Amino acid sequence: MTTADLTTSPAPPENRSGLGRSMNSRQLTMMGLGSAIGAGLFLGSGVGVQAAGPAVLISYLVAGALVIIVMQALGELAAANPSSGAFSVYTEKAFGKTAGSAVGWLWWFQLVVVIAAEAIGAAGLLASVFPALPVWLMALFFIAVFSLINVTGVKNYGEFEFWFAILKVVAIIAFLAIGAALIFGWLPDTTSPGLSNLFGNDGFAPTGMAGIASALLVVIFAFGGTEIVSVAAAETADPARSVGKAIKTVVWRILVFYIGSLAVIVTVIPWDSEALDSPFAAVLATAKIPGAETAIILVAAVALLSALNANLYGASRMVYSLAERRDAPRALLRLNKAKAPVLAVLISVAVGVVSTVLELFFPDRVLPALLNVVGSTVLLVWASVLLSQFVLRRRADRAGQALKLRMRGFPYLTVAGMVLLAAILVLACLDPAARTQLLSTVALVACIAIACKLAHTSRTRRSAAADS
């Protein structure tokens with residue numbers, strides 16, 4: 001490796017600027033914000049509350065601290081070397097081609113699997129409000145629509161994500177305002193719960209440290225998706241400035257929205273209440289807001305569709321980057337007039353469609369198994385980010401390179417992030433369900449790495465034979 005590792009791209013020169021660069025800073029910032037605000041917050045946050053009680057706030061603070069560190073590290077890397085392969089490229093620079101390819105294919109596989117889950121999930125939610133609409137038809141319609149959006153150029157994709165994010169942000173701000181009014185007794189015909197749910201009913205941490213640890217495993221995955229900012233940065237006109245601004249504004253807003261929402265939930269709803277199956281709807285019902293459950297279902301459906309759109313974008317760009325580095329078929333580098341990787345989008349969609357159809361024919365059998373296999377991907381991707389940033393930053397510092405964006409507190413914050421992540425991995429190993437997910441994901445990575453190594457070796461031999 002040369003001293004220019006952190007600032008040069010491994011992609012062939014003719015492909016470095018092939019993708020469009022029409023996404024702007026406004027879109028990138030809102031995309032980063034919206035990508036972490038999904039149905040897991042609107043519908044799934046009650047699981048963490050039931051595990052830890054009000055002390056779930058501690059779990060969110062710990063997870064939030066890790067997200068801040070990872071995003072700061074990723075921002076430094078993305079500003080120095082904007083690439084659609086993002087953390088896959090950085091892992092390759094730090095630890096070699098096989099490691100980088102394995103991380104890239106792992107992330108791609110996770111996204112195409114999740115595309116199917118999101119399409120079916122959104123269709124299922126809407127079918128509960130509009131039962132006349134068949135789930136299978138809506139799921140395939142959503143995939144078709146967002147495929148079209150993704151092949152018409154990154155600017156259109158960014159604009160859709162911008163408005164999706166705006167809708168989710170408005171919904172959360174309205175929720176926080178209603179929750180605050182309820183807690184302070186400002187709403188008519190309602191009684192403020194005070195702080196009884198926070199410190200009564202067996203106290204702030206009714207299940208102790210074990211509950212907080214258990215909730216942390218649930219919470220950490222809610223923040224997954226923020227890393228897509230580094231992928232999209234490569235398609236902005238000024239990547240260094242755009243990614244720096246996005247990361248600075250996105251991280252603290254996510255923490256405010258997540259922790260603020262959870263603070264309202266645990267203050268208004270008892271931690272052992274069955275209503276936590278849909279926590280946002282439960283708070284709004286307590287505030288006597290008519291149509292609360294329907295409103296939350298619609299917002300959650302939008303959140304899933306936003307995630308579907310983002311994941312299709314991320315999957316297509318990652319496999320495009322793999323093709324640039326000759327780790328995927330070169331045909332996937334084909335761009336249309338909008339400078340969108342049309343074949344990369346279509347191949348990602350195809351896997352999502354197959355998974356969707358299989359799940360529709362064999363309900364609760366195909367997707368749960370696939371999701372279990374990729375369930376710990378976010379932990380491994382974040383580990384690759386921290387390790388790569390640690391290695392590449394030290395190389396850059398030794399070479400005296402002037403980086404466009406420098407992570408503050410290096411190396412202490414990076415090491416702290418590694419320690420936090422290692423602790424979460426240990427917790428995962430102690431929890432039976434999480435351990436199964438983690439081991440399944442590690443086994444998948446091992447299989448991918450072996451396949452990548454064999455492919456690299458075969459290609460090297462063919463190249464040597466051709467030269468001789």
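1. Let me start with Glu-92, which counts as buried because its relative accessibility is 11%, under the 20% cut-off. Please keep in mind that this is a predicted model. Glu-92 forms a salt bridge with Lys-97, and the closest N and O atoms of that pair are 3.9 Å apart. That separation falls within the 4 Å limit used for a salt bridge. Lys-97 itself is partly exposed, with a relative accessible area of 29%.

2. Glu-92 has another partner that deserves a look: its side chain also meets that of Arg-325 in a salt bridge, at 3.0 Å from N to O. This pair links distant parts of the chain, since Glu-92 belongs to helix H5 (residues 86–95) while Arg-325 is in the loop between helix H14 (292–324) and H15, 233 residues apart. Both Arg-325 and Glu-92 are buried.

3. A further salt bridge joins the side chains of Arg-317 and Glu-235, at 2.8 Å from N to O. Here too the pair links distant parts of the chain: Arg-317 is in helix H14, and Glu-235 is in the loop between helix H11 (228–232) and helix H12 (239–268), 82 residues apart. Arg-317 counts as buried at 1% relative accessibility, and Glu-235 counts as buried at 1% as well.

4. On to the rings, where the count of aromatic pairs comes to eleven. One of them is formed by Phe-87 and Trp-107, whose ring centres are 5.0 Å apart with planes at 85°, so the pair is edge-to-face. Phe-87 lies in helix H5 and Trp-107 in helix H6 (residues 97–129), so this contact ties together parts that are 20 residues apart in sequence. Phe-87 counts as buried at 1% relative accessibility, and Trp-107 does so at 2%.

5. Phe-146 and Phe-164 give a tilted aromatic pair, with 6.0 Å from centre to centre and 50° between the planes. The pair links distant parts of the chain, 18 residues apart, with Phe-146 in helix H7 (residues 135–151) and Phe-164 in helix H8 (residues 154–183). Both of these phenylalanines, Phe-146 and Phe-164, are buried.

6. A charge over a ring is also worth a glance in your viewer. The charged end of Arg-26 sits over the ring of Phe-162, 4.3 Å from the ring centre.

7. Stepping back to the whole fold, the protein chain has 19 helices and zero strands. The radius of gyration is 22 Å, close to the 23 Å that the globule rule gives for 468 residues, so the chain is as compact as a globular protein of that length. Along its principal axes, the C-alpha trace spans about 85 × 50 × 40 Å. Buried residues make up 55% of the 468 residues.

8. Why is helix H13 (residues 279–286) described as largely enclosed by the rest of the structure? Six of its eight residues are buried, and therefore the description holds. The buried residues in H13 are Pro-279, Phe-280, Ala-281, Ala-282, Val-283 and Leu-284. H13 is followed by Lys-288, which has a positive phi, near 60°.

9. Back in helix H14, you will also find Val-299. Val-299 is buried, with a relative accessible area of 13%. Val-299 and Ile-172 are 127 residues apart in sequence, yet their C-alpha atoms are 9.8 Å apart in space.

10. Finally, the surface. Val-354, Leu-358, Phe-361 and Phe-362 form a nonpolar patch there, and together they have about 410 Å² of accessible area. Leu-358 is placed in helix H15 (residues 342–361). Is Leu-358 buried or partly exposed? With a relative accessible area of 36%, Leu-358 is partly exposed, and that value is over the 30% needed for a patch residue.

Note on methods: Residues numbered from 1 in each chain as written. Predicted model: local features only at pLDDT ≥ 70, side-chain atom pairs only at ≥ 80, totals over all residues. Heavy atoms only, no water. Patch = residues over 30% accessible without salt bridge, like charges linked within 9 Å, V, L, I, M, F, W, Y side chains within 5 Å. Areas by Shrake-Rupley, 256 points an atom, 1.4 Å probe, with all protein chains shown as cover. Helix = DSSP H or I, 4+ residues; strand = E, 2+ residues; numbered from the N terminus. Buried < 20%, exposed > 50% of the residue type's maximum accessible area, 1.4 Å probe, protein only. Phe/Tyr/Trp six-rings, centres within 6.5 Å; stacked < 30°, edge-to-face > 60°. Lys NZ or Arg CZ within 6 Å of the ring centre and 35° of its normal. Rg over C-alpha atoms; globule rule 2.2 N^0.38 Å.
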